[in-house]
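Please look over the sequence and the structure shown below, and then read through the briefing that follows.

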Amino acid sequence: MIDAMINGLLALSGWEVFAALLGMAYVILAARESQWCWPMAFISTLIYTVLFWEGQLPMQALLNFYYMGMAVYGFVLWRRHQQNNDELVIHNWSFNANLLFVVSGTIISLLLAYYLDKNEASQRPYLDASITVFSVMNTWLMARKVLQNWFYWIIIDAASVALYFQTGYYATVVLFSIYTVLAMIGFANWIKLYHKQPIPRTH
């Protein structure tokens, strides 16, 4: 397995390495509430969109195309609040809001997984569908500065490690292992920033 990971890392293209580095820069800057995390995300996902499309992975290409749009949305939203001196603050979701998020995401994931399984369109339909659905939903939470987005990213990234390990993408296992750790750091940092805000908000 270790040899397979090393060979996978050595086989990475320059563009893939560049996209991965930009992806890590995005997470680090987002943890610091920097609006410049979004341009990093845009360029990274643009590269991944092209790579996945050329690699005949249309679902992953579509997901990254969605990430591109959310990167534009997140940058405009964060910058607009900053320019208006009305900073978009980190806010904490209530238990009911989190429950609705998890339940709705689970239902959509099960429906998509059933479709993928029935059409034999994925090696791991339920894990694949869950990661895709919750990634789409959670990117919106990140843009809106919902505190719990980092907790969900930890779970999503860890699940991605399992998916890529099971499907033999060992180099990507390493990358998402790093993402998981960075998400933990981001979560801890946002908790500190949240408590430093004048008026903590719960939605």
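The count of salt bridges comes to one, where a salt bridge means a side-chain nitrogen of Lys or Arg within 4 Å of a carboxyl oxygen of Asp or Glu. This is a predicted model, in which local features need pLDDT of at least 70 and side-chain atom pairs count only at pLDDT 80 or more, while totals for chains, interfaces and linings use all residues. Residues are numbered from 1 along each chain as its sequence is written, and side-chain values use heavy atoms, with hydrogens and water left out.

**The salt bridge**

- The side chains that meet in this salt bridge are those of Lys145 and Glu33, with 2.8 Å from N to O.
- Lys145 lies in the loop between helix 6 and helix 7, and Glu33 in the loop between helix 2 (14–31) and helix 3 (37–54), so the pair ties together parts that are 112 residues apart in sequence.
- Side chains of opposite charge can pair when their charged atoms come close.
- Both Lys145 and Glu33 are buried, a word that stands for under 20% relative accessible area, whereas exposed stands for over 50% and partly exposed for what is in between (1.4 Å probe, protein chains only).

**The chain as a whole**

- The chain holds eight helices and two strands, and from the N terminus on its elements run α-α-α-α-β-α-α-α-α-β; helices (H or I, at least four residues) and strands (E, at least two) are DSSP runs, numbered from the N terminus.
- Of the 203 residues of the chain, 44% count as buried.
- Among contacts in the chain with a separation of 6 or more, 70% are between residues 24 or more positions apart, where contact means heavy atoms within 4.5 Å.
- The average pLDDT of the chain is 86, and 87% of the residues score at least 70; pLDDT is the predictor's confidence in each residue, from 0 to 100.
- Among the elements of the chain, helix 5 has the highest mean pLDDT (95) and strand 2 (residues 201–202) the lowest (54).

- Helix 6 (residues 125–143) has 19 residues and reaches 27 Å from its first C-alpha to its last, close to the 27 Å expected, which is 1.5 Å times one less than its number of residues.
- Helix 6 is mostly covered, with 14 of its 19 residues buried, and it is followed by Lys145, whose phi is positive, near 60°.
- Ser160 lies in helix 7 (residues 149–166), and it counts as buried because its relative accessibility is 2%.
- Leaving aside neighbours within four places in sequence, Ser160 is in contact with Ile131 and Phe176.

- Asn64 and Phe65 are both in helix 4 (residues 58–83), yet Asn64 counts as buried because its relative accessibility is 6%, while Phe65 counts as exposed because its relative accessibility is 53%.
- Not counting residues up to four places away in sequence, Asn64 touches Thr45, Tyr48, Thr49 and Phe52.
- Phe65 and Ile47 are 18 residues apart in sequence, and their C-alpha atoms are 9.7 Å apart in space.
- Ile107 has its place in helix 5 (residues 95–118), and it counts as partly exposed because its relative accessibility is 47%.
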